[in-house]
Amino acid sequence: MYSPTYAAPTTVDEAVGLLANASGSARVLSGGTDLIIQMRSGRLRPQTIVDIKNIAGTIGIREEADGWHVGAATPGAEIGENAGLCAAWPGVTEAVQLIGSTQVQGRASFAGNLCNASPAGDSVPGLVAAGAKAVIAGKNGKRTIPVEQVPVSPGRTSLAADEFIYEFIIPKSSGKTADAYLRFIPRTEMDIAVVGCGVCVTLDNNGVCTAAKVSLGAVAPTVLVVDAAAKALIGNKLDDATLAKLDAAAQAACNPISDKRGTIEFRTKVAGVLARRTAAIAFSRAAAR
Amino acid sequence: MNDISLKDALKVVGTRPVRPDGVDKVVGRAQFGGDATMPGMIFGATVRSPHAHARIKKINTAKAEALKGVKAVITAADMPEIVSEEAFVGEGPMNFRDLSNNLMARDKVLYDGHVVAAVAASSMSIAKAAAELVEVEYEVLPHVIDEIEAMADSAPVLHSDVFTAGVDPKPTKPSNVAKRVEFAKGDLAAGFAAADKIIERTYKTAPVHQAYIEPHACIAAFNADGQCTVICSSQGQFMVRAYCAKLLGIDISDIRVVPAEIGGGFGGKTLVYLEPLALALSRKAGRPVRMVMDRVDVFRGTGPTSGGTVKVKLGAKKDGTITAADAEIILQAGAYPGSPMGPAAMCCWAMYDIPNARAVGVDVVSNRPKVAAYRAPGAPISTFGTESAVDEMARELGLDPIEMRLKNAAKNGTKALYGPTFQNIGYVETLEAAKAHPNLQAKLGPNQGRGVATGFWFNIGGESSASLAVNEDGTLVLVSGSPDIGGSRASMAMMAAEILGIEVEHIRPIVGDTASVGFTFLTGGSRVTFATGMAVCEATNEVVKQLRGRAAKIWEIDVEAVEWRDGSAYPAGDNAGKFEPLSLADIAAKAARTGGPITAKGAVNAQGAGPGFGTHVVDVEVDPETGHVTVLRYTAVQDVGRAIHPSYVEGQIQGGTVQGIGWALNEEYIYTKDGRLDNASFLDYRVPVASDLPAIDAVLVEVPNPRHPFGAKGVGEVPIVPPMAAVANAICAATGVRMTSLPMSPPKLKAAMDAAGK
Amino acid sequence: MAKTHVTCTINGEETEFLCDSNQTVLDVLRDDLGLTGSKEGCGSGDCGACSITVDGRLTCSCLMLGPEAEGKSIGTIEGVATGDHLHPVQSQFLKHAALQCGFCTPGLIVATKALLEKHPNPTDEEARYWLAGNLCRCTGYDKILAAVHAAPAEMRGESA
């Protein structure tokens, strides 16, 4: 009969030790909004569950010189209550708050959303577009990698068995830089993204884009960084020609599947639509800074 | 009997008191199916087929039985083999053998999720682990999911003994087409010949689940003396009793079914899925067994309503007069015959007075869960087709959709296609009320459109029982046999209070178990306020008669000289003598000395349920780039006869409408290529959430039903009939694209708009 | 596998229980503590019928493991009323007929109370989005929203 071991370490070293020495499979528990469902359905049956929420720094938000440090297991609701982070990164913070219901927001975290490694995770394109990094703890200490390097395929991450995400560092935004995230779902809430799009842009004083990062979710096995879409924006104002190029670049980058949530054709078209709409929001936010 | 025209004289009926079972429900104390316990209770779990169609070669239960804590394992071998026999127990004809095989597959599994074994153990986790240890060897067979594909000669045949009924000559080969029914009047060919315009379309609908939030749950005890108790959530304790008795070969008197609170049903709890299994497990284990489905099992293993194909041909004159109407409705029955194709055919043209009309229903089995009733079974499917076609006709002829309907509306004296001649119907009144509603004048913006559609449901009566007892202090206990699914205890108490002339709070209404109240047909067909209400009124009138008799005895005058009003006995006029009025409490206090307890029963087989009609108006906005539909405004007008508790009548209309919006936009069963249900969760089976919706304006039109003491008509089912066509018509108005397939989900609508170049 | 011993506060009372590591808080509440007001509609965080608060924050009890409750303060539907005095959200649900079958009602009341504690006067849109994770299949949500909007006045003591 399935009966896992639950552990709630209070230090990083203890957690790493538990993960490294676990007999059988081990899973990190943050908010649990994916893990517990998967355990219940029988899709995952980890022998060891390591709850990281009692480790100092895994919950909470600090503004430091190198950026915003967001504890890996900080729930979406708490992120949404941090006025400073929400003002600096409206796209990132709105994205994480789109995951599930108000109830799910009481638990769901960046780390869980990222490590579940679904191509459709709402918070991922936002983090990627903003240039966020994941701080990963393991038996060899901590290492920091761009968020987009965490998922490698649906359900799989680049983390070693002894590793877990301790926190995220989201750079400080400066000047006329702003982000946005939009997703398409059939209802207004409670759905998995059919397509998600994160855009971060920097403008000069004339409204011309000087830097951009565009990220798409749910249109490929992992979150996409679409350089061609960023190129379509850089050096341009947000006019019809730019939007058309952006739309085409976003669609060209798509490599989706047809499934119960959307067809290849629909996902591809909507990726273009969302890229335009998200960019428009990001531009307008950046221009207002 | 009260004069139903005297609405102003009513003191309780038509008001909005707090429901008597309300506090328990807002503090979390109400006992639903999965909340009850029994001493020594153990836990049951099911083993379900992963295949859409397969022969069961062998089931090995040894490993499961060997697991510590397992108390019983059952398969079909532990259930009596039932012979084919049709009976009317639930909300339609039912073959007991099919129901038995649906509960627990005997030779073949016919759908993904079909139960093949069940276990009981000392904890739920042990039961689940044991279920995984049951080894079933299958021979996988070819399967068929779609109803049109199932009709093809090359399709795998599900049942070797199903031959199409209702066709001549009688077929010699078994078929997935179980039955054909036809309703016709006039001369179709002549009607179409007389038409200036003919519209011919094929519509498709997806199967949708009732999606009650409470999964099926029960607890059952089979005692050593053969007496059984079942506590469960269902739409009919007597239905559960009858099925358990039949399927397990037990006398009805040996089974007592206690109705728990029911967490939604909408027709889906008019069948049994767990109760006979729990009893069979209990018999084997010698312990009470609780069984609770999880959501995945609810989607995979219980009945949604049919998906189907609706072929419509409609002919009309330039002025909008419909000259001929034809519809063929092919419905999925699921794994066993019994789709609601009959009512689908009967309802689809019932809003209209058409001289030449036909409606054909076809019942087709395929490898899906057996369908169950869902709110106005069949009518929403066929009406999506017919009301879309009527809208298209109005559009083609340049007529206002409400005027087009008024021109052809069924009225008193109209003979319906399915037989009866309508009396006291309020269809035209709903159209007129919709026409006068501000919704119809509201301005629309870009990408927005307005749709109108109407709908019909018979409503039914049937057998109901109630009893009323006066307590020692003059308060009362009212027992009825109808499970309360949406506030019926309140309306029952209100009708009794109205007749007694007392405050409704002085009556405690409860739902009786099968051993404490007379037989009552299940809660379905929008029958409870009508039929059980009549039983309650009958019992109450009898109590009033007894109260007058007691007063007569106390005053030593003739009973005819006592009248009852405002909760007290009065001498009827000066000739009767001068006496101080006697209140209910006064008479109750003297009950022992005047003849003993004051109680009465009401038992009816109610006839004359007033048919229900509704007219819906919806405004939508379509995102032209994504196909996403936003419902901006919704007005649902319905003839309700007389609203006993208007809040709960409005609630029925609002709830039914929103289920219809879900059916229109996003709800569907999605299958993988290998016949497995791919969206068995509330994440991907998308019922409407609060943020999807605007306010739903429920407009009550009251054309009283003279057959009911207060004029009530059934209200629960009509509101789910019009929304799918109303939304499709609104989408067409917004985009110019006519959607003929449900759900009108964004990928489908976007593809249709792209194909049309819109 | 040995069970985990957990000490927490439930509706203001210190509570101890033993649980398996893969039991959810909902399982513990319903099966071990007799608090059956929290309902299981889906077991996957999609319906909200099991809504509770944990240290004041709204969550689904089906999405939290029993051992995670250690040291936490949990609020359930059974703790919303004070003795026989209904919370304004409860009395307004009754007054506005905001329930039919009543199965989703405990979760909706817990969620609504949490909403009004954070946003004392929510707009209709705010309320509808806050409650989007509480499925109700009976009412179409219309009367629920009426109750939600009526409750703040009673909470401020402006109506009975």
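Trainee: What radius of gyration does chain C have, against that of a compact globule with 160 residues?
Mentor: The radius of gyration is taken over C-alpha atoms, and the globule rule is 2.2 Å times the number of residues to the power 0.38. A compact globule of 160 residues would have a value near 15 Å, and chain C, at 16 Å, agrees with this. Along the principal axes, the C-alpha atoms of chain C fill a box of roughly 50 × 30 × 25 Å. This is a predicted model, in which local features need pLDDT of at least 70 and side-chain atom pairs count only at pLDDT 80 or more, while totals for chains, interfaces and linings use all residues. Residues are numbered from 1 along each chain as its sequence is written, and chains are lettered from A and ligands numbered from 1 in the order in which they are written.

Trainee: What percentage of the residues in chain C is buried?
Mentor: A residue is buried if 20 or more other C-beta atoms, placed from the backbone, lie within 10 Å of its own. In chain C, 66% of the 160 residues are buried. Contacts require C-beta atoms, placed from the backbone, within 7 Å. Of the contacts in chain C between residues at least 6 apart in sequence, 59% join residues at least 24 apart.

Trainee: How many helices and strands does chain C have?
Mentor: Elements are DSSP runs, numbered from the N terminus: helices (H or I) of at least four residues and strands (E) of at least two. Chain C has five helices and five strands, and from the N terminus on they run β-β-α-β-β-β-α-α-α-α.

Trainee: Which residues of chains C and B take part in their interface, by number?
Mentor: In this contact, 40 residues of chain C meet 41 residues of chain B. On the chain C side, helices H2 (88-95), H3 (105-118), H4 (124-130) and H5 (142-155) each give two or more residues. The largest share, four residues, comes from H2(C). By class, the chain C side has 21 nonpolar, eleven polar and eight charged residues; Ala, Val, Leu, Ile, Met, Phe, Trp, Tyr, Cys and Pro count as nonpolar, Asp, Glu, Lys and Arg as charged, and the others, Gly among them, as polar.

Trainee: How many residues does the contact of chain A with chain B take from each?
Mentor: Chain A contributes 17 residues and chain B 19 residues. Helix H11 (residues 264-287) of chain A supplies the largest share of the chain A side, four residues. That side divides into nine nonpolar, three polar and five charged residues.

Trainee: At what angle do helices H11 and H19 of chain B cross?
Mentor: Axes are lines fitted to C-alpha atoms, for helices over the stretch in contact, and angles between N-to-C directions run from 0 to 180 degrees. The axes of H11(B) (residues 379-397) and H19(B) (residues 723-735) come within 7 Å and cross at roughly 35°. Residues making the contact include B:Phe384 of H11(B) and B:Met724 of H19(B).

Trainee: In what order do the strands of the five-strand open sheet in chain B lie?
Mentor: Strands pair if DSSP finds at least two bridges between them. The order is E9-E17-E16-E15-E10 (chain B), with mixed pairing. Strands E9 (177-185) and E10 (197-205) of chain B stand at the edges with a single partner strand each, so one side of each lacks a neighbour in the sheet. The twist averages 10° from one strand to the next. Nine bridges join E15(B) (residues 308-316) to E16(B) (residues 322-334), which run antiparallel; B:Gly308 has B:Leu331 in E16(B) as its bridge partner.

Conventions. Two residues are in contact if their C-beta atoms, placed from the backbone, lie within 7 Å. A residue is buried if 20 or more other C-beta atoms lie within 10 Å of its own, exposed if 12 or fewer, and partly exposed in between; C-beta atoms are placed from the backbone.
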